[in-house]
Amino acid sequence: MIIINDKKYDNVLKKVSFGEYSVMQDGKKRNGMAPFISFNCDNILLGIETNYDKKWLEELKINDKQDISKYVTDIPYEDEKGWVSLILGKDKCFITKVKNNVFTIELKCEADECSEHYSIIINEDVEISF
């Protein structure tokens, strides 16, 4: 389920792709592959770009819930009005491994961009193939 500004979307197309990253975080340089999770619902594209490493996802145990908020690098949002980045808002993001290659993504985001308010809740199971 995805809720955007109090409108609920149930029929969501989900896609996960991986991209390379290189980051200095907590005083350490890290490189690797990280997921970009996209959600398409009724002509709205919503994404979660991270630098949460692919190997960390692979190592998660069933029912292991991780707060990945500090690894979210962007929350792109696109609708008929155009594209905006919501990364400057307040967000909390968790990932839980529910079974082999299936993860629950939970995101709560409140952001004000381009004179508009965005309130987004995501609670979706996503298949991630390694």
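Strands S10 and S11 form a hairpin with two residues between them, and asparagine 101 in the turn has a positive phi of about 65°. Strands here are DSSP runs of E of at least two residues and helices are runs of H or I of at least four residues, both numbered from the N terminus. The model is predicted, so that local features need pLDDT of at least 70 and side-chain atom pairs count only at pLDDT 80 or more, whereas totals for chains, interfaces and linings use all residues. Residues are numbered from 1 along each chain as its sequence is written, and side-chain values use heavy atoms, with hydrogens and water left out.

S10 and S11 (residues 102-113) pair in the antiparallel sense over nine bridges, where pairing requires that DSSP finds at least two bridges between two strands. Within this pair, isoleucine 95 has isoleucine 105 in S11 as its bridge partner. S10 also pairs with strand S6 (residues 65-67), in the antiparallel sense and over three bridges; lysine 65 stands opposite threonine 96 of S10.

A further hairpin is formed by S8 and S9, with two residues between them. Strand S8 (residues 76-79) runs antiparallel to S9 and is joined to S9 by four bridges. The bridge partner of aspartate 79 in S9 is glycine 82.

The loop between strand S9 (82-85) and strand S10 (90-99) contains leucine 86. Leucine 86 counts as buried because its relative accessibility is 0%; buried means under 20% relative accessible area, exposed over 50% and partly exposed in between, with a 1.4 Å probe and protein chains only. Beyond its neighbours within four places in sequence, leucine 86 is in contact (heavy atoms within 4.5 Å) with Asp74, Ile75, Tyr77, Cys109, Ala111, Glu113, Tyr118 and Ile120. The C-alpha atoms of leucine 86 and aspartate 112 are 7.7 Å apart, at a separation of 26 residues in sequence.

The C-alpha trace spans about 40 × 35 × 20 Å along its principal axes. Of the 130 residues, 42% count as buried. Among contacts between residues at least 6 apart in sequence, 50% join residues at least 24 apart.
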